[in-house]
Amino acid sequence: LRIRPLTQEDLINLPSRFQRNILSNSPFTPNQVIVHGDKKLTFNFDYVFGPETQQKDIYDTAVRNMVDKFLEGFNVTILAYGQTSSGKTHTMGTSDSVSSNQESRGIIPRALHTLFSYINSTQFKSRKITMKVSFVEIYNEDLIDLLIEGEDENRPQVIIREDSKGNIIWSGLQEIKVNSVEEVMGHLTRGSLNRQVGATDMNSQSSRSHAIFSVTLCQQKQISSNGISSPTAFSRPSTPLTPTKLGSPPSRRLSKTMSMSLDDGEWVSITSKFNFVDLAGSERLKRTAASGDRAKEGISINSGLLALGNVISALGDPSKAKNTTHIPYRDSKLTRLLQDSLGGNAQTLMIACVSPAEYNISETINTLKYANRARNIKNSATVNQEESGWNDLEHLQNLVLKLRAEIKSIR
């Protein structure tokens, strides 16, 4: 939970009788927040960050260890949830750029700096690493690729599919290969400029869509026969060194390479995905004074968040968890996209952002209840690892030849 400070805008725009701070947390119970309303309500979270908390503190305490999990091969998702103008985009850093102030940088740029510092270290020199990024928004229940240039009608349609293993795949989405923090931040800035924003009575730069910035990391590393990563810094060739036909005996040079690979250990491929989700703010039309298209956007935003709430309730209810119950993932594009992250194969962190002003008490309590239910969800995350080359026909052909030669020598 992150409690934002009262801003100058709050002091100007909110009625003075409703500017009282209704949230408090005690140094003796740092993970607990107390709401001082008509009734005194208490909520517990894994972390509670007060108004004075800096961006760096949030990253170091809650996010840094998730970057380590991502490098190990786990899928990771971080969601920012809360009412309009509660500080979600600021916390996530979705609108940050390379020139942004270091102190105010959000989670995304900090996570990317950590990632590239690891990847460029000697520990990862022996691995073959590829990193790709994508940026998609859900606007009025349409999926829009924010990294593709050109007019809307010329953009390929983004479709959600499910593979044979139950993993969610976004077909038609452009994934751009990146090699540095500056490249990633450039794409993030470009995508953020394409994102739908608009002014409402509650926020002059209100996000009118849910945005998901994804980083996909593909690693190829060598595992020795005893299961320990080998430090050897060479990679298995993707094509044979000399052309061979299926059924013909392997050449001496190829046999030598194969035996080297066998002695040094197997190459495994690890693919992990990091989703940074900046949800649009939940809002009451009465408070935002939205009309026309703005009102339609608000209705669409709220319906997506309602579907997300229903999924969280179904997953987080201990009584339902014991029985096989229907999880309504297909009720919205947002929940379908996040199917892996909620109750699936991912390490997931939800950051609930709230305003401490008495004027926003009903939205704040709703956010606290929503996030509290999400704490009950149990994900079972596993490392996405498989032997390298299973999708490479030539590698599989060579493997058959190698095994034939071994069987022949044993006979």
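Visitor: Before we start, what does "partly exposed" mean here?
Guide: Partly exposed sits between buried, under 20% relative accessible area, and exposed, over 50%. Asn-140 has 33% relative accessibility, so it counts as partly exposed. Keep in mind that this is a predicted model.

Visitor: Okay, where is Asn-140 found?
Guide: Asn-140 is in the loop between β6 (128–139) and β7 (142–145). Its phi is near 50°, a positive value in a residue other than glycine.

Visitor: And what about phi of Glu-141?
Guide: Glu-141 isn't a glycine, yet its phi is positive too, about 65°. Glu-141 belongs to the loop between β6 and β7, and it counts as partly exposed because its relative accessibility is 27%. For background, most residues other than glycine have a negative phi.

Visitor: Which residues of α5 are buried?
Guide: Val-181, Val-184, Met-185, His-187, Leu-188, Gly-191 and Ser-192. They cover an arc of only 160° around the axis, so they are on the same side of α5. As a rule, an α-helix has 3.6 residues a turn, so residues three or four places apart point the same way.

Visitor: What's on the face turned away from the buried side?
Guide: That face of α5 carries the exposed residues Glu-182 and Leu-193.

Visitor: And what do the buried residues of α5 pack against?
Guide: They pack against α4, β6, β10 (176–178) and β13 (210–223). Leaving aside neighbours within four places in sequence, Leu-112 contacts Val-181, Val-184, Met-185 and Val-215.

Visitor: How far apart are Leu-112 and Val-184?
Guide: They are 72 residues apart in sequence, but 8.0 Å apart in space, C-alpha to C-alpha.

Visitor: Is Leu-112 buried or exposed?
Guide: Buried, because its relative accessible area is 0%.

Visitor: New topic: what does UniProt list for "binding site"?
Guide: The unreviewed UniProt entry lists Gly-82, Gln-83, Thr-84, Ser-85, Ser-86, Gly-87, Lys-88 and Thr-89. Gly-82 is in strand β5 (residues 76–82), while Thr-89 lies in helix α3 (residues 88–92).

Visitor: Gly-82 first: what does it touch?
Guide: Not counting residues up to four places away in sequence, Gly-82 touches Lys-88, Ala-280, Gly-281, Ser-282, Cys-353 and Thr-367. Gly-82 is buried, with a relative accessible area of 0%.

Visitor: And how does Thr-89 count, buried or partly exposed?
Guide: Thr-89 counts as partly exposed, at 21% relative accessibility.

Terms used: Residues numbered from 1 in each chain as written. Predicted model: local features only at pLDDT ≥ 70, side-chain atom pairs only at ≥ 80, totals over all residues. Heavy atoms only, no water. Buried < 20%, exposed > 50% of the residue type's maximum accessible area, 1.4 Å probe, protein only. Contact = heavy atoms within 4.5 Å. Helix = DSSP H or I, 4+ residues; strand = E, 2+ residues; numbered from the N terminus. Arc of directions from axis to C-beta. UniProt positions renumbered as here; feature names shortened; annotations may be inferred.
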